[in-house]
Amino acid sequence: MASWQRAHTITGLPTQEVPVPGRAASADGDAIISIQHVTKSFGSHTVLRDVTFDVPRGKTTAIMGPSGTGKSVMLKVIIGLLKPEQGQIYVDGEPIVGVREKDVFRIRRKFGVLFQDGALFGSMSLYDNIAFPLREHTSKAEREIRAIVLQKAELVGLVDHLAKLPGEVSGGMRKRAGLARALVLEPTIILFDEPDSGLDPVRVAYLDDLVNTAQQETGATFFVITHNIQSVMRTADYMGLLFRSRLVAFGSKVEMTSSSDPIVKQFLAGQAEGPIGMDEMAESDAVPGDGARRPEAAVGVASADH
Ligand SMILES: Nc1ncnc2c1ncn2[C@@H]1O[C@H](COP(=O)(O)OP(=O)(O)O)[C@@H](O)[C@H]1O
Ligand SMILES: [Mg+2]
């Protein structure tokens, strides 16, 4: 049985059977990211409480949850932009919490990140945006860069639009350019923060197809945080649900869709009746403080966030 299946049962909190820290990520190679007992607070507000789960390698995992439940915070904790008060995160078996900055930067290079707003440079063409991480972090010649940019642009269907500025194309195209940029350094893990945000349902469906194609083509681990259930059903192999600071469930798509947990059932069905209150479902656009934004600028690799 795979490590993440041992560690997490679908019912109850996934902290009841706790693997030896780090073992899941290194023993059998199944988990590429292992999140162990992570607690993150801002002042008296505990956003993540004792969150534990493993992200299986080479698959698509989605973490869902109402707005304001800490999904973006979790993503930032995983790449070392925010430091949890408790817990550890192993990436390919290596701890990221409390290690030297130099090691955080090295580990972070395994990630490509597609931030919530696409985060393209507005004054650069799509071509230059996609080329940016290559120019910034490699010594490749322009000819080589061009070949890579064209290859990724073709994958996301943007070859004919590369000369345009982000402001001249649709939101869907900006997301695709963000995806191409997240792919150019060939990261082993791609993180997506609400890839569907700001897109109409047809564009979301199109982007989901693209996410699936890109996952198959790259073989990378895709980790998506979102509250779009339809989108999760189209793309995810594994899924978890964050609710009131806790990870209430984590499992394969089949396990989750057949769960009898009332929170999971309500969330997946998008129903008004159940343990999740109206305010929690409706809450949106939680505006994080300045502190949440500033560290993003430090992400150098494939995620320039401007
Ligand atoms: N840097 C920060 N300082 C204070 N509070 C923050 C910060 N970043 C996020 N938060 C708070 O943490 C909670 C979770 O935020 P977030 O992870 O952005 O939610 P979401 O699940 O919608 O992505 C929110 O209440 C938000 O206001
Ligand atoms: Mg968010």
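Reader: E9 and E10 form a hairpin. How many residues lie between them?
Author: Two residues separate E9 and E10 in the hairpin. Keep in mind that this is a predicted model. In the turn, Arg-244 has a positive phi of about 45 degrees.

Reader: In what sense do E9 and E10 pair?
Author: Antiparallel, over six bridges. Strand E9 covers residues 238-243. Leu-242 has Leu-247 in E10 as its bridge partner.

Reader: Is E10 largely enclosed or open? Why?
Author: Strand E10 is largely enclosed by the rest of the structure, because six of its seven residues are buried. The strand runs over residues 246-252. The cut-off for buried is 20 or more other C-beta atoms within 10 Å.

Reader: Now the sheet. What is the strand order?
Author: E6-E7-E8-E3-E9-E10. The six strands make an open sheet with mixed pairing. E6 and E10 are the edge strands, each pairing on one side only. On average, neighbouring strands are turned by 15 degrees against each other, direction ignored.

Reader: In what sense do E3 and E8 pair?
Author: Parallel, over five bridges. E3 is residues 60-64 and E8 is residues 221-226. Thr-61 stands opposite Phe-223 in E8.

Reader: Which helix packs on the sheet, touching E6 and E7?
Author: Helix H7, residues 171-183. The direction of H7 makes about 170 degrees with that of E6.

Reader: How do side chains sit in a regular strand?
Author: As a general rule, they alternate between the two faces of the sheet.

Reader: Switching topic. Where is Met-124?
Author: Met-124 is in the loop between strand E6 (111-114) and helix H5 (126-137).

Reader: Why does Met-124 count as partly exposed?
Author: Because 16 other C-beta atoms lie within 10 Å of Met-124. A buried residue needs 20 or more, and an exposed one has 12 or fewer.

Reader: How far apart are Met-124 and Pro-166 in space?
Author: 7.6 Å, C-alpha to C-alpha. In sequence, Met-124 and Pro-166 are 42 residues apart.

Reader: Zoom out. How many helices and strands are there in the chain?
Author: 13 helices and ten strands.

Reader: And what percentage of the residues count as buried?
Author: 43% of the 306 residues.

Reader: Last one. Among contacts between residues at least 6 apart in sequence, what share joins residues at least 24 apart?
Author: 69% of those contacts.

How values were computed:
Residues numbered from 1 in each chain as written. Chains lettered and ligands numbered in written order. Predicted model: local features only at pLDDT ≥ 70, side-chain atom pairs only at ≥ 80, totals over all residues. Helix = DSSP H or I, 4+ residues; strand = E, 2+ residues; numbered from the N terminus. Contact = placed C-beta atoms within 7 Å. Pairing = 2+ DSSP bridges. Axes fitted to C-alpha atoms, helices over the stretch in contact; angles between N-to-C directions.
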